[in-house]
Amino acid sequence: WAPFSHLLCNKSNIDDICTSNHTLQFLGDQSIPANLESMLQSNEHSNKREVAREKIIKYYFENGDAHVEEFLDVKLKVLPHAICWICSNGSGNSLLYELW
């Protein structure tokens, strides 16, 4: 299942998550691991930018590892937009708390 997991969400960095597959929704009738099922369900959302955002929050910043260094090189002008994007539907609030 690892190749499918990598295809649906390459967790190497934020850019790789953004370019992962956000359209595949079904892998047949066989039993699949819960994390893979979760990724497939995320892909059902019609707004693929939202799918990418949710995958970044769920998989890149997982386990309380905030990766705050990702924001060190963000231009000051862009930083408020990045913070707003993280919290755009409330699911990123705990991540925002970790960053501060």
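The protein has six helices and zero strands, where helices (H or I, at least four residues) and strands (E, at least two) are DSSP runs numbered from the N terminus, and from that terminus on its elements run α-α-α-α-α-α. Before I go further, please keep in mind that this is a predicted model, in which local features need pLDDT of at least 70 and side-chain atom pairs count only at pLDDT 80 or more, while totals for chains, interfaces and linings use all residues. Residues are numbered from 1 along each chain as its sequence is written, and side-chain values use heavy atoms, with hydrogens and water left out.

Let me start with burial. Of the 100 residues in the protein, buried ones make up 36%; buried here means under 20% relative accessible area, exposed means over 50%, and partly exposed is in between, with a 1.4 Å probe and protein chains only.

Which residues make up the largest nonpolar core? There are 12 in all, namely Leu 8, Cys 9, Ile 17, Leu 27, Ile 32, Leu 36, Met 39, Leu 40, Ile 56, Tyr 59, Tyr 60 and Phe 61, and by a nonpolar core I mean a set of buried Ala, Val, Leu, Ile, Met, Phe, Trp, Tyr and Cys residues joined through side-chain atoms within 4.5 Å. Helices H3 and H4 each supply at least two residues of this core. In soluble globular proteins, nonpolar side chains tend to be buried together.

Now to that pair of helices. The axes of H3, residues 34-42, and H4, residues 48-60, come within 10 Å and cross at roughly 155°, the axes being lines fitted to C-alpha atoms, for helices over the stretch in contact, with angles from 0 to 180 degrees between N-to-C directions. H3 and H4 are therefore roughly antiparallel to each other, a label for angles over 145 degrees, whereas those under 35 count as roughly parallel, 65 to 115 as roughly perpendicular and the rest as oblique. On the H3 side, Asn 35, Ser 38, Met 39 and Ser 42 meet Val 51, Lys 55, Lys 58 and Tyr 59 of H4, contact meaning heavy atoms within 4.5 Å.

What covers the buried residues of H3? The buried residues themselves are Leu 36, Ser 38, Met 39, Leu 40 and Ser 42, and their cover includes H1 and H4. Leaving aside neighbours within four places in sequence, Ser 5 is in contact with Asn 35, Leu 36 and Met 39; Ser 5 and Met 39 are 34 residues apart in sequence, yet 8.0 Å apart in space, C-alpha to C-alpha.

By contrast, is Thr 19 buried or exposed? Thr 19, in the loop between helix H2 (14-18) and H3, counts as exposed because its relative accessibility is 64%.

Finally, the structure holds one aromatic pair. The rings of Trp 1 and Phe 4 have their centres 6.0 Å apart and their planes at 45°, so the pair is tilted; rings of Phe, Tyr and Trp (its six-membered ring) pair if their centres lie within 6.5 Å, with planes under 30 degrees apart counted as stacked, over 60 as edge-to-face and the rest as tilted. Trp 1 is partly exposed at 41% relative accessibility, and Phe 4 is partly exposed as well, with a relative accessible area of 35%.
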